[in-house]
Amino acid sequence: MKNIVITGGAGFIGSHVVRLFVNKYPEYNIINLDKLTYAGNLANLKDIENKPNYKFVKMDICDFEAFYQLMQDEKIDGIIHLAAESHVDRSIKDPFTFARTNVMGTLSLLQAAKLYWESLPEKYEGKRFYHISTDEVYGALEMTHPEGVEPPFTTTASSTEHHLAYGTEFFYETTKYNPHSPYSAAKASSDHFVRAYHDTYGMPTIVTNCSNNYGPYQFPEKLIPLFINNIRHRKPLPVYGKGENVRDWLYVEDHARAIDIIFHNGKIAETYNIGGFNEWKNIDLIKVMIKTVDRLLGNPEGSSEELITYVTDRAGHDLRYAIDSTKLQKELGWEPSLQFEEGIEKTVRWYLDNQEWMDNITSGEYEKYYEEMYKGR
Ligand code: NAD
Ligand code: TYD
């Protein structure tokens, strides 16, 4: 495989995937295709933008004609598809945009790839359509626990390692889809289309479902960068509901490494779950962030806890996500490289060291959006 399109490469996870591929595979031509919505930012890729094997193309994934032309002009062999609307709160306010981009955009890419690849003498030989999805399509898990044991408890039930869990059930590759938010409903729908293109036309597709990512270059509407930035500015930290919801966190570079391994070695038509067995209750995670930011800024320890503000819960707020990634670990030998405390320390340091990046994003339009989003909460 030589010519690879990475969609959404100017976003959070996409920029890490583009960086990894451009640096690791000088023999590949990497095309970053991105519409540059509010979430796309070419400043995320400053360090690799002049590499000879990298090219940026500004394009909407819904533009079928333009993408079909690009497939032909660039003789595309592989697609790694990350472009999406990705924020649950936005999807609650504006579900149409999510259906357009996540569903119709994905379908448009699939159909263009099908037409181009089927026109070649080798057809689908050596080709790949790799779709990046989320654990949120599986729905929400309960906080069930063995009798007499309070969560979090140590379990070996679903992994090779001991880890702390908030429930006895996990998301497996076989778990039935049960999305609750417009975001996850749109992602679920796009996953179904990708699988349908394999089953109907024989397209070599792969789907992966990953847990919550954190790390550098994440847009500051998501919990971790938002709270780091608010602590720095001594602004309120809006905790939804009681802060009891559980998320399973993975360092973004570990996700990018998994994508590399799966793109090259994953089995066609398979699904792989990606996650680090790292469940945190929001409020506990927030306290770790506060402690870390306070220490690094030289504030008295824990002094920013006074910024915690409990606000109206998110509508349809999923209680718990927990990914079982045993299949990926066993079959393809991937494992997360960082302990969470290390990852959080690295992440907080990055945001504090890159305040200009943050200030550029949070000025102007975004400031207005943020005020609107949190008005009356
Ligand atoms: P992000 O919002 O940071 O980036 C999305 C990127 O897609 C942006 O660069 C944006 O400009 C681009 N984009 C949006 N609409 C487009 C369109 N119509 N045409 C072309 N480009 C468009 O998102 P992210 O957090 O990096 O997530 C990337 C992918 O990974 C998404 O598909 C998301 O569902 C999935 N995912 C995210 C997480 C997470 O924790 N962030 C976890 C699992 C899976
Ligand atoms: P988020 O980063 O939006 O990711 P997702 O909704 O995809 O899991 O939110 C992570 C968790 O943090 C989720 O349970 C919602 C909660 N949250 C807050 O409590 N306050 C906030 O301001 C945000 C953005 C999220």
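Reply: Helices and strands here are DSSP runs, a strand being a run of E of at least two residues, and they are numbered from the N terminus. The model is a predicted one.

Me: In which strand does T205 lie?
Reply: T205 is buried, because its relative accessible area is 2% and the cut-off for buried is under 20%. Leaving out residues up to four places away in sequence, T205 touches F129, V194, H198, I268, A269 and E270. The strand that holds T205, residues 205-210, is β8.

Me: In which loop is L36, another residue with a positive phi, found?
Reply: L36 is not a glycine either, and its phi is about 55°. Its relative accessibility is 26%, so L36 counts as partly exposed. Its loop runs between β2 (29-34) and β3 (54-58).

Me: Which residues touch the most other members of the largest nonpolar core?
Reply: This core has 38 residues. The elements that give it two or more residues are α6 (223-232), β10 (237-240), β11 (246-251), α8 (282-297), β14 (308-311), α10, α11 and α12 (365-374). The members that touch the most others are I224, I228, L285, M289 and I344.

Me: Which residues does M289 contact, leaving aside neighbours within four places in sequence?
Reply: M289 belongs to the group that touches the most other members of the core. Contact here means heavy atoms within 4.5 Å. By that criterion the partners of M289 are L223, I224, F227, I228, I231 and I344.

Me: How many of the ten residues of α6 are buried?
Reply: The buried residues of α6 are I224, P225, L226, F227, I228, N229, N230 and I231. The helix is therefore largely enclosed by the rest of the structure. After α6 comes R234, with a positive phi near 55°. The buried count for the helix is eight of ten.

Me: At what angle do α10 and α11 pack?
Reply: Two packed helices are described by the angle between their axes and the distance between the axes. For α10 (residues 340-353) and α11 (residues 355-362) the axes are 5 Å apart and the angle is about 70°. That makes α10 roughly perpendicular to α11, because the range for this class is 65 to 115 degrees. The angle asked for is about 70°.

Me: By class, which residues make up the contact of α10 with α11?
Reply: On the α10 side the contact has W350, Y351, L352 and D353, and on the α11 side Q355, W357 and M358. Sorted by class, these are five nonpolar, one polar and one charged.

Me: How far is I259 from H131 in space, C-alpha to C-alpha?
Reply: I259 is in helix α7 (residues 252-265) and is buried, at 0% relative accessibility. It is a member of another core, of 30 residues, which also includes Y130, A258 and F263. Its contacts beyond four places in sequence are I13, V17, I80, L82, Y130 and I132. I259 and H131 are 128 residues apart in sequence, and their distance in space is 9.9 Å.

Me: Is R19 buried or exposed?
Reply: R19 is in helix α1 (residues 12-24). Beyond four places in sequence, R19 touches N44, L45, D47, I48 and Y217. Its relative accessible area is 14% and the limit is under 20%, so R19 is buried.

Methods: Residues are numbered from 1 along each chain as its sequence is written. Chains are lettered from A and ligands numbered from 1 in the order in which they are written. This is a predicted model: local features need pLDDT of at least 70, side-chain atom pairs count only at pLDDT 80 or more; totals for chains, interfaces and linings use all residues. Side-chain values use heavy atoms; hydrogens and water are left out. Axes are lines fitted to C-alpha atoms, for helices over the stretch in contact, and angles run from 0 to 180 degrees between N-to-C directions. Helices (H or I, at least four residues) and strands (E, at least two) are DSSP runs, numbered from the N terminus. Angles under 35 degrees count as roughly parallel, over 145 as roughly antiparallel, 65 to 115 as roughly perpendicular and the rest as oblique. Ala, Val, Leu, Ile, Met, Phe, Trp, Tyr, Cys and Pro count as nonpolar, Asp, Glu, Lys and Arg as charged, and the others, Gly among them, as polar. A nonpolar core is a set of buried Ala, Val, Leu, Ile, Met, Phe, Trp, Tyr and Cys residues joined through side-chain atoms within 4.5 Å. Buried means under 20% relative accessible area, exposed over 50%, partly exposed in between (1.4 Å probe, protein chains only).
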